[in-house]
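Subject: Structure handover

Hello,

Here is the structure for you to look through. My notes follow below it.

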Amino acid sequence: MGSALIPFMLWLKAFHIMSFIAWMAGLFYLPRLFVYHCQVVAGSPESARFKVMEYKLLRFIMAPAMISTFVFGGLLAAIPGLIDWHSGWWLVKLACVLAMAGFQGACGRWRRDFAHDRNTRPERFYRMANEVPTVLMMVIVIMVVVRPF
C-alpha cells in the first residue's frame, strides 16, 4: 500500500501540515481560554459562555485536527523511503506528538472541571501550561526540518 501513496505524497504532506496547524491553534487557544475562565465567577453568564467556547473548540476543532494529523502523518510514514527508520529524529518527533495528544487529554480533563465548576487550579497554572504546546511544536519542527540525528 505504501508505494501506492507515492503519487499523493505532496497532497498528504500538505494536509498533514494544515491539520497540524489547526491542532496547534487549538492547543494554543484552549489554555488561554482557561486563563480567562479563571477570572470570572463560577455560575455566571461569562462562565457559561467560556464553557461553550471551550467545549466547541475541543470537540469540533481540536479533536478532528488531531485525528487528521495522525491519519495524514501515518499515511506519510507508510511511504517507502520517506523516513530513515534508523535515524532518531522521528522517534523524538513521535514522542512529542504523543505528548501533545496527552496534553490535549489533560486539557479535556481541565475543561470538564470548568464545566462542572470544579476547577481548583489558579490562573498561573494555565498560563504555564499554555507554554507546553509551544515547546513541543518547536522540537517537532526542528526534528522534521533539521533532522539533527
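Does Arg 147 count as buried, partly exposed or exposed? At 39% relative accessibility, Arg 147 counts as partly exposed. Buried means under 20% relative accessible area, exposed means over 50%, and partly exposed is in between, with a 1.4 Å probe and protein chains only. Arg 147 sits in the segment after H5. Its phi is near 50 degrees, a positive value in a residue other than glycine.

Some ground rules. This is a predicted model, in which local features need pLDDT of at least 70, side-chain atom pairs count only at pLDDT 80 or more, and totals for chains, interfaces and linings use all residues. Residues are numbered from 1 along each chain as its sequence is written, and side-chain values use heavy atoms, with hydrogens and water left out.

**Overall**

The chain has five helices and zero strands. Its pattern along the sequence is α-α-α-α-α. Helices (H or I, at least four residues) and strands (E, at least two) are DSSP runs, numbered from the N terminus. The C-alpha trace spans about 55 × 30 × 15 Å along its principal axes. Of the 149 residues, 36% count as buried. The accessible surface comes to about 8,600 Å², and 71% of that belongs to carbon and sulfur atoms. These areas come from the Shrake-Rupley method with a 1.4 Å probe; for residues, only the protein chains shown count as cover.

Now contacts, meaning heavy atoms within 4.5 Å. Take those between residues at least 6 apart in sequence: 81% join residues at least 24 apart.

**H1 against H5**

Helix H1 (residues 9–38) packs with helix H5 (residues 132–145) at an angle of about 155 degrees. Their axes are 10 Å apart. Axes are lines fitted to C-alpha atoms, for helices over the stretch in contact, and angles run from 0 to 180 degrees between N-to-C directions. H1 and H5 are therefore roughly antiparallel to each other; that term covers angles over 145 degrees, with under 35 roughly parallel, 65 to 115 roughly perpendicular and the rest oblique. H1 contributes Phe 20, Met 24, Leu 27 and Phe 28 to the contact. H5 contributes Pro 133, Thr 134, Met 137 and Ile 140.

**The core**

The largest nonpolar core has 26 residues. Such a core is a set of buried Ala, Val, Leu, Ile, Met, Phe, Trp, Tyr and Cys residues joined through side-chain atoms within 4.5 Å. Those with the most contacts inside it are Trp 23, Leu 27, Leu 30, Phe 34, Met 100 and Trp 110. H1, helix H2 (45–77), helix H3 (89–115), helix H4 (123–129) and H5 each give two or more residues to this core.

Leaving out residues up to four places away in sequence, Met 100 touches residues including Phe 20, Trp 23, Pro 133 and Leu 136.

Gln 104 lies in helix H3. It counts as buried, at 7% relative accessibility. Neighbours within four places aside, Gln 104 is in contact with Trp 23, Leu 27, Leu 58, Met 62, Ala 63 and Met 66.

**Two more spots**

Asp 117 is in the loop between H3 and H4. Its phi is near 55 degrees, again positive in a residue other than glycine. Asp 117 is partly exposed, at 40% relative accessible area.

Ala 25, in helix H1, is partly exposed at 44%.

Best wishes
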